[in-house]
Amino acid sequence: MIITENIQKLLSEIPGNVKLIAVSKTKPAEQIVEVYNFGHKIFGENRAQELSEKFKLLPKDIEWHMIGHLQTNKVKYIAPFVYLIHGVDSFKLLQFIDKEAAKCNRIINCLLQFHIAKEETKFGFDMNESSQMLGSSDFGLLQNINIVGVMGMATLTENTQLVSDEFRELVYIFNQLKKTYFSDKTDFKEISMGMSGDYKIAIEEGATMVRIGSLIFGER
Ligand SMILES: *Cc1c(COP(=O)(O)O)cnc(C)c1O
């Protein structure tokens with residue numbers, strides 16, 4: 001029952017306007033059910049096939065978030081049911097999502113991922129790349145995707161000042177995009193940032209969604 005206690009504690013700490021995504025990657029369905037039975041129904045996974053398997057096994061009112069790097073050829077596994085795709089990091093991927101969403105007669109909500117960390121390995125747009133895409137006529141043709149905000153991951157470090165600077169940069173990017181491309185779009189409002197190690201800083205800086213795995217389910 002430790003998992004239930006963990007999520008209860010987190011929910012009591014997190015402000016009501018911040019959505020908690022329980023990151024269940026690599027964890028078995030039974031552990032997800034434990035959280036579900038407690039009453040929390042929002043989960044995140046980072047691999048498309050694992051997500052699709054868990055979707056089949058588990059209750060259909062779960063809100064599933066795809067939080068990891070998504071390859072274009074894997075979009076089809078999640079397009080029929082995914083609630084939000086956090087890691088959109090190229091126009092090519094967005095076109096694939098649009099195409100698969102159309103096949104399912106859906107509009108899929110997406111976040112643009114930005115590279116805010118000092119580390120080389122993290123995926124994401126920079127400001128120029130995203131502006132180029134959002135300003136292009138090809139982007140205007142996509143009808144089955146809905147961009148609802150931004151996502152980012154901070155550097156893995158003990159340096160809390162660096163982490164808050166990076167989150168602040170993501171908020172700045174969000175505000176710029178909002179002003180320039182989404183000023184009349186009320187559903188462009190999400191900032192997905194913060195994990196087990198840095199969610200408190202992320203919330204201070206303005207996160208609307210936090211993605212937390214190990215603090216709930218234990219180490220992977
Ligand atoms: C695994 C993962 C998380 C959760 O990480 P924890 O440190 O276990 O909370 C959050 N976001 C992404 C993109 C992840 O891949």
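## Helix α2: one face in, one face out

A residue counts as buried when its relative accessible area is under 20%, and as exposed when that area is over 50%. The model examined here is predicted. In helix α2, which covers residues 29-38, the buried residues are Ala-29, Ile-32, Val-35 and Tyr-36. Viewed down the axis of α2, these buried residues fall within an arc of 120°, so they line one face of the helix. Glu-30 and Asn-37 are exposed on the other side of α2.

What do the buried residues of α2 pack against? Their partners are α1 (2-13), β2 (42-45), α3 (48-57), β3 (63-66) and α10 (214-217). After α2 comes Gly-39, which has a positive phi near 120°.

## The nonpolar cores

Nonpolar side chains tend to be buried together in soluble globular proteins. In this model the largest nonpolar core has 64 residues. Ile-85 and Ile-216 have the most contacts inside that core. Helix α8 (residues 160-181) gives the most to this core, with seven residues. A second, separate core has seven residues, among them Ile-42, Leu-111, Val-148 and Met-209.

Which residues does Ile-85 contact, leaving aside neighbours within four places in sequence? The list runs Met-66, Leu-70, Ile-78, Ile-97, Ile-108, Asn-109, Cys-110 and Leu-111.

Is strand β6 enclosed or open? Eight of the eight residues of β6 (residues 145-152) are buried, so this strand is largely enclosed by the rest of the structure.

β6 pairs with strand β5 (residues 108-114) in the parallel sense, over seven bridges. In that pairing, Gln-113 stands opposite Met-151 of β6. β6 also pairs with strand β7 (residues 190-192), again in the parallel sense, over three bridges. Here Gly-149 has Glu-190 of β7 as its bridge partner. From β6 the chain crosses through α8 to β7, and this β-α-β crossover is right-handed.

## Aromatic pairs

The whole structure holds five aromatic pairs. One of them joins Phe-114 and Phe-125 in a tilted arrangement, with 6.1 Å centre to centre and 45° between the planes. This pair links distant parts of the chain. Phe-114 sits in strand β5, and Phe-125 in the loop between β5 and α6 (127-134), 11 residues apart. Both Phe-114 and Phe-125 are buried.

Phe-174 and Phe-188 form a stacked pair, with 5.0 Å centre to centre and 5° between the planes. Phe-174 lies in helix α8 and Phe-188 in the loop between α8 and β7, so the pair ties together parts that are 14 residues apart in sequence. Phe-174 has 9% relative accessibility and therefore counts as buried. Phe-188 is buried too, with a relative accessible area of 0%. Ring pairs link Phe-174, Phe-182 and Phe-188 into a cluster.

## Around Phe-125

Phe-125 counts as buried because its relative accessibility is 5%. What does Phe-125 touch, not counting residues up to four places away in sequence? Its contacts are Val-88, Asp-89, Ser-90, Phe-91, Leu-112, Gln-113, Phe-114, His-115, Ser-130 and Met-133.

One of these contacts is Phe-91. Phe-91 and Phe-125 are 34 residues apart in sequence and 9.8 Å apart in space, C-alpha to C-alpha.

Most residues other than glycine have a negative phi. Thr-26 is not a glycine, yet has a positive phi of about 70°. Thr-26 is found in the loop between β1 (19-23) and α2. Is Thr-26 buried or exposed? Its relative accessible area is 54%, so Thr-26 is exposed.

Asn-105 is not a glycine either, and has a positive phi of about 60°. Asn-105 is placed in the loop between α5 (91-103) and β5. With 74% relative accessibility, Asn-105 counts as exposed.

Conventions
Residues are numbered from 1 along each chain as its sequence is written. This is a predicted model: local features need pLDDT of at least 70, side-chain atom pairs count only at pLDDT 80 or more; totals for chains, interfaces and linings use all residues. Side-chain values use heavy atoms; hydrogens and water are left out. A nonpolar core is a set of buried Ala, Val, Leu, Ile, Met, Phe, Trp, Tyr and Cys residues joined through side-chain atoms within 4.5 Å. Buried means under 20% relative accessible area, exposed over 50%, partly exposed in between (1.4 Å probe, protein chains only). Helices (H or I, at least four residues) and strands (E, at least two) are DSSP runs, numbered from the N terminus. Contact means heavy atoms within 4.5 Å. Two strands pair if DSSP finds at least two bridges between them. A crossover is right-handed if, with the strands pointing away from the viewer, the path from the first strand over the helix to the second runs clockwise. The arc is that of the directions from the helix axis to the C-beta atoms. Rings of Phe, Tyr and Trp (its six-membered ring) pair if their centres lie within 6.5 Å; planes under 30 degrees apart count as stacked, over 60 as edge-to-face and the rest as tilted.
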